[in-house]
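Hi there,

Here is the structure I promised to pass on to you.

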There are 2 protein chains.
Amino acid sequence: MDEFDSKYALRAKRMKASLIRELLKMTQNREIISFGGGVPDPETFPINTLKRIAYDVIEKEYATALQYGTTEGDRLFRENLIRFIAEKDDIRGLDVDSVLVTTGSQQALDLIGRIFIDEGDIILVEGPTYLGALSAFNINGPRYITIPLKDNGIDIDCLENKLKELEESGELKRVKFLYTIPNFHNPAGVTMGLEERKKVIEFARRYDFLIIEDDPYGLLRYEGERIPSIFKLGDGERTLLLNTFSKILSPGLRLGTIIGEKEVIRKIVLAKQGADLCTPTITQRIAARYLETNEIMENIRATRDKYSKKLKTMLNSLEEYMPKEDSISWTHPKGGLFLWMRLPDYLDTMQFFDEAVNEYKVAYIPGSAFYADGSGKNTMRLSFCLPSESEIIEGIKRLSKLIKKYMR
Amino acid sequence: MDEFDSKYALRAKRMKASLIRELLKMTQNREIISFGGGVPDPETFPINTLKRIAYDVIEKEYATALQYGTTEGDRLFRENLIRFIAEKDDIRGLDVDSVLVTTGSQQALDLIGRIFIDEGDIILVEGPTYLGALSAFNINGPRYITIPLKDNGIDIDCLENKLKELEESGELKRVKFLYTIPNFHNPAGVTMGLEERKKVIEFARRYDFLIIEDDPYGLLRYEGERIPSIFKLGDGERTLLLNTFSKILSPGLRLGTIIGEKEVIRKIVLAKQGADLCTPTITQRIAARYLETNEIMENIRATRDKYSKKLKTMLNSLEEYMPKEDSISWTHPKGGLFLWMRLPDYLDTMQFFDEAVNEYKVAYIPGSAFYADGSGKNTMRLSFCLPSESEIIEGIKRLSKLIKKYMR
């Protein structure tokens with residue numbers, strides 16, 4: 001053991017086990033109702049179509065689907081993706097070289113961290129933000145500046161103030177990018193408004209930073225009108241748009257995409273060459289053929305119906321069982337997988353997590369896990385996509401009991 | 001474009017396009033006979049079995065095979081791998097926590113670079129060595145010390161001398177690991193002898209460095225007796241053993257493995273969490289079920305027969321068509337995919353590469369691509385696995401003509 005210990009790079013010391021993954025291990029027990037992971041309901045996977053496609057792809061396209069592929073991604077998949085994105089985001093005229101296929105969205109975050117972040121660079125993040133993004137960026141040693149979220153997404157005044165401060169202190173040139181999840185935020189469930197999006201683009205130009213727009217949940221809207229992506233609104237300027245098939249098809253395929261200007265995509269391709277040569281060709285070809293069936297929009301509609309009902313059940317249960325106090329509130333997401341709950345300031349959701357799991361048999365993710373600055377102790381993330389509706393009701397009952405016990 | 005240019009990390013400037021990938025783009029033309037890529041013959045893929053397994057896995061195991069998996073890898077796959085490795089390498093008693101599944105071997109190299117290499121650390125590599133390893137390690141800014149290869153693999157005296165020099169100069173503590181491909185070396189085709197392996201283990205202990213043993217081709221032995229792995233000989237001490245299914249099943253599945261002590265595997269798991277969360281579960285489950293059919297050894301035997309014939313054809317053609325000069329020689333590999341040719345010192349295989357491809361319609365990889373120190377200008381790598389036997393004969397004829405033209 002010692003012989004390895006003395007050999008680790010400094011970077012390796014920055015690596016921490018994902019708190020979520022560690023916590024989720026505690027929730028394997030079947031008795032526990034888990035609002036923990038952002039794990040899709042397997043009943044949303046289009047297995048009948050996928051099994052036939054997999055069979056055909058291996059039989060007829062093995063010379064491509066089982067062989068090495070290009071680092072950029074399977075050409076057929078990228079072509080079909082471009083049509084899909086045109087429909088989904090109304091983004092037209094994308095060239096195949098503006099699209100890179102990644103091994104899940106996590107790899108996209110990792111590659112972006114690699115090519116942009118030098119030690120001490122400043123990254124603007126939302127508070128709270130997606131934990132996986134922090135773990136991807138962390139190994140490069142950035143400094144985070146956390147901008148709080150409001151009902152319409154990022155607090156745009158706070159963002160502007162921070163940027164002005166950075167300008168005054170001469171640190172603006174160290175700001176590399178803003179990382180944002182504008183639609184149905186993970187973990188907060190909020191959606192960035194149209195005006196906020198336009199402001200973000202304006203600030204990016206004025207203060208010279210890039211925008212990493214992470215959109216895993218955009219297609220899972222349950223009510224209201226679609227708001228155009230930042231990428232669309234800004235004509236792709238300074239922006240990389242990240243998408244994934246994990247929540248709308250299957251996370252086991254590990255298929256993500258980065259869309260951006262050809263030159264920056266080319267740079268990310270170089271990073272990916274060293275990282276894994278290419279994303280599995282077989283999963284790409286399966287997804288490519290799946291996109292051709294046109295079943296995906298139908299399947300997404302069914303997924304939306306399912307999750308939307310579960311969300312309603314959760315919101316109704318919260319309304320019914322949670323203590324009626326001003327200090328307790330939760331977001332009312334219009335889509336996605338997550339709802340964010342705020343408890344009185346004196347409560348620490350990490351402190352009673354063990355009790356929640358082991359005594360009350362209900363799991364959530366303590367909110368502080370999602371803050372780059374360690375705040376958010378009185379918050380928690382609740383995911384409503386995996387448990388059944390009756391489990392959601394029972395789970396919220398249990399959670400309410402626990403919270404009541406700790407209320408002053 | 002400018003807005004991205006000013007934002008790149010220093011690390012991004014170290015990234016270069018893989019020369020091989022760039023060269024291979026020139027050889028897409030069907031008229032060209034390519035000895036370039038180390039790309040398996042698709043006729044070796046067991047498509048009939050794989051298509052049925054893929055169908056069944058999606059139908060019956062979708063809740064696992066299409067869902068997120070653990071970062072360590074699918075448990076069933078790792079259990080089946082342990083049995084496979086016991087048979088293949090006579091390594092017994094491995095625990096499931098000693099095995100990590102990676103998205104191809106390239107990811108294993110990348111993760112190893114991340115957790116071990118700080119800027120300026122010393123990495124011992126063979127000359128020539130695998131280009132993909134250099135591109136994975138490069139972004140962390142190591143210094144390479146190149147140890148030449150002989151007929152029995154690494155030049156053990158040279159290795160010892162270098163280590164002594166490093167000890168004297170006080171730099172030994174900066175040496176992190178030796179990266180070696182002991183079996184049927186890529187690109188050199190040579191195999192490290194038993195005595196050399198034992199010496200490497202002895203030196204690793206005495207001079208305190210780790211051994212990264214990359215073994216993609218070990219099962220593709222066409223003649224002679226199997227030599228135990230360094231991992232086996234040294235009881236796993238200080239060693240990480242890398243394997244891949246790319247050459248014995250399908251590269252499109254992108255399945256590699258790292259085997260080592262639990263503590264170091266745990267550390268690599270943390271790095272992988274940030275890199276891609278997990279390797280696709282579907283490809284892992286397909287491979288897991290494939291291992292259960294016991295067809296793999298049969299399929300490997302058929303692959304060996306096919307490649308062994310192609311190797312003989314290439315060796316015979318070289319014998320017949322190449323100029324008979326002491327200054328021209330090539331390795332006689334006992335397995336693997338590659339043969340290494342040495343030409344007179346005054347020749348530069350990079351210089352006539354364009355002419356080879358465009359005029360003579362034959363492709364190879366210029367040897368200098370495989371040297372960390374840029375030497376090897378008069379060498380080339382020839383892969384014999386993809387072209388047919390008649391193409392091999394014709395290709396070697398063409399190559400001989402070209403070389404004769406440049407001989408003094």
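Below are my notes on the domains, the chain pairing, some helix packing and a few backbone details.

First, some ground rules. This is a predicted model, in which local features need pLDDT of at least 70 and side-chain atom pairs count only at pLDDT 80 or more, while totals for chains, interfaces and linings use all residues. Residues are numbered from 1 along each chain as its sequence is written, and chains are lettered from A and ligands numbered from 1 in the order in which they are written.

**How the two chains pair**

The contact between the chains takes 67 residues from chain A and 67 residues from chain B; two residues are in contact if their C-beta atoms, placed from the backbone, lie within 7 Å. On the chain B side, the elements that give two or more residues are helix 1 (2-5), helix 2 (10-13), helix 4, helix 6 (104-116), helix 7 (131-138), helix 11 (262-276) and helix 12. Helices (H or I, at least four residues) and strands (E, at least two) are DSSP runs, numbered from the N terminus. Helix 4 of chain B brings the largest share of that side, 10 residues.

By class, the side of chain B that touches chain A divides into 36 nonpolar, 15 polar and 16 charged residues. Here Ala, Val, Leu, Ile, Met, Phe, Trp, Tyr, Cys and Pro count as nonpolar, Asp, Glu, Lys and Arg as charged, and the others, Gly among them, as polar.

Chain B is superposed on chain A by a rotation of 180° with 0.0 Å of shift along its axis, at an RMSD of 0.0 Å. The two copies are thus related as by a two-fold rotation axis; the superposition is by least squares on the C-alpha atoms of residues with pLDDT of at least 70 in both. Since 100% of the interface residues of chain B are also interface residues in chain A, the copies meet through the same surface.

**Domains of chain A**

Where they touch, 33 residues of domain 1 of chain A are in contact with 31 residues of domain 2 of chain A. On the domain 1 side, helix 14 (295-321) and strand 11 (338-342) of chain A are the elements that give two or more residues, and helix 14 of chain A gives the most, with 6 residues. That side of domain 1 of chain A has 17 nonpolar, 10 polar and 6 charged residues.

**Helix packing**

Helix 4 (residues 47-65) and helix 12 (residues 281-293) of chain B have axes that come within 9 Å and cross at roughly 125°. Axes are lines fitted to C-alpha atoms, for helices over the stretch in contact, and angles run from 0 to 180 degrees between N-to-C directions. Helix 4 and helix 12 of chain B are therefore oblique to each other (angles under 35 degrees count as roughly parallel, over 145 as roughly antiparallel, 65 to 115 as roughly perpendicular and the rest as oblique). The residues of this contact of helix 4 with helix 12 of chain B divide into 8 nonpolar, 4 polar and 3 charged.

In chain A, the axes of helix 9 (residues 156-168) and helix 10 come within 11 Å and cross at roughly 5°, which makes helix 9 of chain A roughly parallel to helix 10 of chain A. Among the residues in this contact are Leu159(A) and Leu163(A) of helix 9 and Phe203(A) and Tyr207(A) of helix 10. By class, the contact has 5 nonpolar, no polar and 4 charged residues.

**Backbone details**

Most residues other than glycine have a negative phi, and most peptide bonds are trans. The peptide bond from Gly127(A) to Pro128(A), however, is cis, with omega near 0°. Pro128(A) lies in the loop between strand 3 (122-127) and helix 8 (131-138) of chain A. A cis peptide bond also joins Gly127(B) and Pro128(B). Asp208(A), in the loop between helix 10 (194-207) and strand 7 (210-214) of chain A, has a positive phi, near 60°.
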